[in-house]
Amino acid sequence: MEVHPDKQETLLCIPNWSPGSYKIRDYSKSIHKLDFVSPGPGWTLEQIELDTWKIHSKGETFKISYLVYGYEHTVRTNYFTSELILVHPPATFLYPKDKLYLEVEVSWKNLAPFRYCHTGLKKKEGSKNTWKAKNFDEFFDAPLLLSNEKEITFSVQGCAFDLVILGDVPSADKKKIAKDLETIMKTQITHMGGTENRYYLFILDMTENLYGGLEHLNSSVNQYDPNGFRSPENYRTLMELLSHEYFHHWNVKRIRPIALGPFDYQKPNLTKELWIAEGITSFFDAYFLLLCDIYTPQQYLNKIWKDILELEESAGESWMSLEDSSFTAWTKYYNRPFDPNFSNTGISYYTKGAVLSIAMHLYILSETKGKKSLFDVMQALNKQYHQEKKRGFTKAEFFQAAKKATGLDLKLEFDAYIGEPKRIPIEAYLHLAGIERTPSKPKLEPGFRVKEDRGKLIITKILLGKSIQDTDINVGDEWISIDGRRTLPETYKELLNQYQPKKGAEILISRRGQILKRKIKFDSSPSNCELWIDEKAKPEALAIREKFLHWNKEIKVSETNSKNSKQKQASPKRSRSK
């Protein structure tokens with residue numbers, strides 16, 4: 001690193017987190033052997049904080065070198081192998097404190113053994129392996145990929161797209177992904193009134209047991225498991241991920257809560273509006289797949305139902321509001337893998353934010369007789385705050401813009417579901433479009449969840465609000481048997497199918513090597529795929545449904561499942577994380 005200082009001393013920092021992934025990551029842990037390349041007389045270098053080094057060079061230009069450990073395979077870290085080098089800039093590059101405005105250049109001495117460097121940065125004119133950024137914010141927002149994988153290219157409304165797919169994926173599948181992605185991009189750009197980008201890069205890393213995405217200003221890094229992705233359900237989930245990250249190039253990168261920029265890379269940028277940044281994006285990611293006919297109307301309703309069910313089976317909505325979920329994401333939502341009680345005391349601003357967005361979209365469609373929608377709100381925010389005022393917006397300004405765009409007071413209608421731990425009456429809003437929740441036979445709910453660990457069933461979650469909360473079983477207990485019959489990973493579901501809700505059973509558990517007996521009582525929960533089309537809805541509801549579900553007679557004939565239908569489709573799996 002070469003620095004041209006304007007003072008006797010320079011403070012160099014490594015970021016502690018990455019925009020879009022709201023958790024302190026302590027990237028300094030991967031920085032080693034930082035030292036001068038050729039120190040001048042009297043120069044000193046000292047680490048004064050975990051993330052900060054003080055350089056005294058008497059105001060003279062200096063060079064430092066350091067090693068970076070890069071073998072953490074996520075979208076927010078470095079991953080260096082002989083097959084590829086994926087550089088995540090916030091985890092790699094130091095910057096002079098209080099000098100984020102400085103221009104930056106990054107160069108490779110050579111790319112060998114790789115053929116390509118893919119990045120959203122612009123190449124320096126006349127150079128071979130040097131890229132530049134106008135400041136560190138732009139620099140940190142542009143991952144660099146070195147590989148031998150050639151990009152797939154297409155163009156939409158003046159924006160050139162590169163898609164780089166890493167992993168063992170057949171050429172025919174790559175072409176299908178690119179073709180469907182092009183359709184989604186056309187639909188998003190059309191509905192958002194255009195894009196400012198002239199270039200956008202998708203990096204799709206197909207690696208076993210990985211899932212995630214991270215948005216950048218003109219690129220995104222996405223990870224997905226190649227095993228089974230050709231199944232219709234898993235393929236739709238992949239396209240939903242790519243749709244999500246691309247929509248962020250408007251919502252977050254340009255349309256943003258005011259706290260999300262400019263960034264302080266050393267401490268959290270707290271906001272109560274991640275339900276806008278991520279929740280609204282989580283609504284539109286799947287909704288665009290519906291508009292592109294990648295989701296059928298019924299498949300889309302199944303996806304909505306999955307989100308509703310996730311909220312219903314959790315007690316978190318009575319503990320945490322959407323604003324609290326956003327504000328505490330740094331310590332709660334992003335630490336949920338290490339907190340088995342999060343599902344009881346917390347909610348996802350992704351999931352509840354998406355359900356809230358569906359309610360807003362339907363309410364606007366209904367009140368304006370289909371003339372306005374949530375698209376109008378997003379376009380208004382983009383024009384008023386990004387393009388004209390060149391800044392983010394407050395919560396009050398979000399609702400002001402929405403009222404100006406639609407004529408409706410969305411704050412009056414929805415604020416209680418944002419600022420209070422209160423359930424959204426989503427069924428009432430779906431009813432506006434003639435979409436109903438059909439009663440069906442409930443299924444057994446044991447009140448706890450398990451996972452297999454070396455042939456054992458280990459309890460991983462206990463649901464508050466269920467009868468099991470009054471039983472002395474703990475997360476980490478091994479579930480051995482039920483009513484004298486051994487429970488094994490491959491058979492326990494069949495055993496549970498023999499029981500009825502409200503009935504009891506005796507189970508054996510093992511805790512710290514001690515065998516214990518416990519009596520439990522089963523509850524019930526709704527069965528899957530509860531949202532169906534009401535064929536007898538009022539004409540005004542039918543008109544809204546046509547707008548909402550991209551409905552037409554051909555789809556209606558082949559896809560409608562009435563209240564009398566017994567056929568049900570499984571909803572695709574979905575996990576949101578960065």
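In this predicted model, helix H4 is followed by aspartate 293, whose phi is positive, near 65°.

**Helices H4 and H8**

- Helix H4 has 18 residues and reaches 25 Å from its first C-alpha to its last, which is close to the 26 Å expected at 1.5 Å a residue, and 18 of its 18 residues are buried.
- Helix H8, made up of the 19 residues 349-367, reaches 26 Å between its first and last C-alpha atoms, close to the expected 27 Å.
- Because 17 of the 19 residues of H8 are buried, this helix is largely enclosed by the rest of the structure.
- The N-terminal end of H8 is capped by serine 348, which places a side-chain oxygen 3.1 Å from the backbone nitrogen of tyrosine 350, while just after the helix lysine 369 takes a positive phi of about 55°.

**Nonpolar cores**

- The largest nonpolar core has 139 residues, and those with the most contacts inside it are Phe161, Ile177, Phe284, Tyr300, Met360, Phe398 and Phe548.
- A second, separate core has 20 residues, among them Val450, Trp479, Tyr492 and Ala505.
- Methionine 360, when residues up to four places away in sequence are not counted, touches Trp275, Leu374, Phe398, Phe399, Leu410, Phe414 and Ile418.

**The open sheet and isoleucine 85**

- Four strands form an open sheet in the order S7-S8-S14-S11, with antiparallel pairing; its edge strands are S7 (79-80) and S11 (116-119), each of which pairs on one side only.
- Isoleucine 85 lies in strand S8, residues 85-87, and, leaving out residues up to four places away in sequence, it touches Tyr79, Phe80, Trp108, Phe114, Leu144, Leu145 and Leu146.
- The C-alpha atom of isoleucine 85 is separated by 26 Å from that of tryptophan 53, although the two residues are 32 residues apart along the chain.

**Aromatic pairs**

- A search of the whole structure finds 54 aromatic pairs; in one of these, the rings of tyrosine 200 and tyrosine 246 have their centres 4.9 Å apart and their planes at 85°, so the pair is edge-to-face.
- Because tyrosine 200 lies in strand S17 (residues 199-206) and tyrosine 246 in helix H3 (residues 232-247), this pair ties together parts that are 46 residues apart in sequence, and both tyrosine 200 and tyrosine 246 are buried.
- Tyrosine 363 and tyrosine 429 also form an edge-to-face pair, at 6.5 Å centre to centre and with 85° between the planes; this pair links distant parts of the chain, with tyrosine 363 in helix H8 and tyrosine 429 in helix H12 (residues 426-431), 66 residues apart.
- Tyrosine 363 counts as buried at 13% relative accessibility, and tyrosine 429 is likewise buried, with a relative accessible area of 6%.

**Lysine 99**

- Lysine 99 is found in the loop between strand S9 (95-96) and strand S10 (104-107), and it counts as buried because its relative accessibility is 16%, where the cut-off for buried is under 20%.
- Apart from its neighbours within four places in sequence, lysine 99 is in contact with Asp6 and Phe136.

Methods: Residues numbered from 1 in each chain as written. Predicted model: local features only at pLDDT ≥ 70, side-chain atom pairs only at ≥ 80, totals over all residues. Heavy atoms only, no water. Helix = DSSP H or I, 4+ residues; strand = E, 2+ residues; numbered from the N terminus. Buried < 20%, exposed > 50% of the residue type's maximum accessible area, 1.4 Å probe, protein only. Contact = heavy atoms within 4.5 Å. Expected span 1.5 Å × (residues − 1). Polar contact = N/O pair within 3.5 Å; in protein donor to acceptor, adjacent residues only side chain to side chain. Pairing = 2+ DSSP bridges. Core = buried A, V, L, I, M, F, W, Y, C linked by side-chain atoms within 4.5 Å. Phe/Tyr/Trp six-rings, centres within 6.5 Å; stacked < 30°, edge-to-face > 60°.
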